[in-house]
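Dear colleague,

Please find the structure below. A short account of the findings follows it.

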Amino acid sequence: MSNRSQTLRPLGSWLEHHLPKVVLAPSFIAVLVFVYGFIGWTAWVSLTRSKLLPKYEIHGTIQYERLFAAPRWDVAMNNLFIFGGLFIVISMILGLILAILLDQNIRTEGAIRTIYLYPMALSMIVTGTAWKWILNPGLGIEATVRGWGFETFSFNWLVDPDMAIYTIVIAAIWQSSGFVMALFLAGLRSVDTEIIRAAQVDGIPTWRVYTAIIIPSMAPIFLSAFIVLSHLAVKSFDLVIALTGGGPGFASDLPATYMYAMAFSRGDIGQAASSAMVMMGVVFTIVVPYLYSELRAKND
Amino acid sequence: MTDMSLPQTRGRSRAGRIALRWLLYVILGLFALYYLMPLFVMVTTSLKSLEEIRTGDLMSLPRDVTFDAWATAWSGACTGIQCEGVRPFFWNSVLIAVPAVLLSTLIGALNGYVVAQWRFRGANLIFAAMLFGCFIPFQVVLLPMARLLGLMGIAGTIPGLIFVHVIYGLGFTTLFFRNYYVTIPSELTKAAKVDGAGFFRIFWSIFLPLSLPIIVVTIIWQFTQIWNDFLFGVSFSQAGTQPITVALNNIVNSTTGVKEYNVDMATAIIAALPTLLVYVVAGKYFIRGLTAGSVKG
């Protein structure tokens, strides 16, 4: 920019110079307000005695004390660990096995991959509706197996308070394992083929090549899959609502359904805010170290 | 795609190899059946009469195919007290998704362009702050957002839902475009600047024409997210503005009258059709979005 044009069109050139900032500013402000400001609001309200309406005088950690004393929250957190643990581990194992099987020069790979992955395009509500019907005690899979001649077969997990949470595991794995397979398959394809060739020349058996070379080199993919799946687990809400509604009673509640019940049907904003903050704490202990290392790795 | 099949020759007979190959295909086929089973059950159940459902078998094909359940699902099923089927809710979802997808994609493209090509001090920090927003559990913003929408006078309206989806979609759309534009040499921008092209001119004539793949990825990602959303839909809508996922859940869990499983399944398929269609037509881009959203590059 020459001096002359700057003096002639000071506003125009200021705008031209700062246009990138001006364009980014609304989004930045939106994120500041709607992400960080809102987290701050929720954090503040979680320290008050808010009930049906928010109040703003701080009363210390009373809501958190109530939360951790509530049997329903206890069930929800326990369920999160059961559900999250099983969902993550089984999805990863299944995804890895499928990826390795698909990596053997399968002629119909494209079609098979499409079939394995389509559940990921569905809404959790659709998935929940489908599995609710399949697992229906009486008309679902139970009737089918009885029809095969196993008259005493019984499968009523959906209405069994001790087992309801596992129906959510079943449906969630069905929905997400194909996606984990796709992640691992991409990882397998990015392993250096030279090393594999060399190992083969040396006469190392295929399974050893996988366990000793390929799988260890995919550590970053395992980490991403773990992050994505644990994130999905903590946020799981739709699937529970559609499949069990949190029931029987509140036997299959997760923190997300607890928070929603407190916010919108119980009118207990203080509890809703404090449970949301705990959920965020769980997500952050998993995600923040990961994001930090990612960003640092990129800057190096 | 690189070929890295592992030859399984050593120490195995030809017959053994063929048997192993067969076993492999059988296992893959069984898993395909497992993934397809729920879809199969949904479709067949939706084509059966209630009578057949009660007496028949979950896995059997319908004896008499009937589309009654589909007709009911589309225009007669009850969501609570209202019995108009899912048709109005399907259109609600369209009215929410289309503007929200377009707006968040457009803003994401501009943001990504700034962050990748017009780096200024603090731009990376802003990007990191936006990225962080992708990871929060939305429960933490539900309460204040409900209040804000009320204050703005758009609580329970479709514009309110569009607003929410645009705001919380920005992190991902910015990420997609930023990661795409970062691979375009900055010399291109510099040369265009020397030639006197301005910020928008460069975006419009250079970057946008190069962006078709990432636009497709972003639109598909956003459409799938917004169409399938339930949390925002159930929290911020009211009787007339609910998206289809909320209507589906209400139909399935309505306790009045006879339980019509065939109608439930038809409704579920209708709710799933748009995203399934996108997946079938543009699966490659869908997968790219999924992996870009998780493995950031």
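Leaving aside its neighbours within four places in sequence, which residues is Ser237(B) in contact with? They are Gly156(B), Leu161(B), Phe232(B), Gln242(B) and Pro243(B), where contact means heavy atoms within 4.5 Å.

This is a predicted model, in which local features need pLDDT of at least 70, side-chain atom pairs count only at pLDDT 80 or more, and totals for chains, interfaces and linings use all residues. Residues are numbered from 1 along each chain as its sequence is written, chains are lettered from A and ligands numbered from 1 in the order in which they are written, and side-chain values use heavy atoms, with hydrogens and water left out.

Ser237(B) is buried, at a relative accessible area of 16% (buried means under 20%, exposed over 50%, partly exposed in between, with a 1.4 Å probe and protein chains only). The side chain of Ser237(B) reaches the backbone oxygen of Gly233(B) at 2.5 Å.

Over all chains, the whole structure holds eight salt bridges (a side-chain nitrogen of Lys or Arg within 4 Å of a carboxyl oxygen of Asp or Glu). One of them joins Arg189(A) and Asp103(A), at 3.0 Å from N to O. This pair ties together parts that are 86 residues apart in sequence. Arg189(A) is buried at 16%, and Asp103(A) is buried at 3%.

Another salt bridge links Glu142(A) with Arg146(A), with the closest N and O atoms 3.7 Å apart. Glu142(A) is buried at 8% relative accessibility, whereas Arg146(A) is partly exposed at 32%.

Yours sincerely

How values were computed:
Polar contact = N/O pair within 3.5 Å; in protein donor to acceptor, adjacent residues only side chain to side chain. Helix = DSSP H or I, 4+ residues; strand = E, 2+ residues; numbered from the N terminus.
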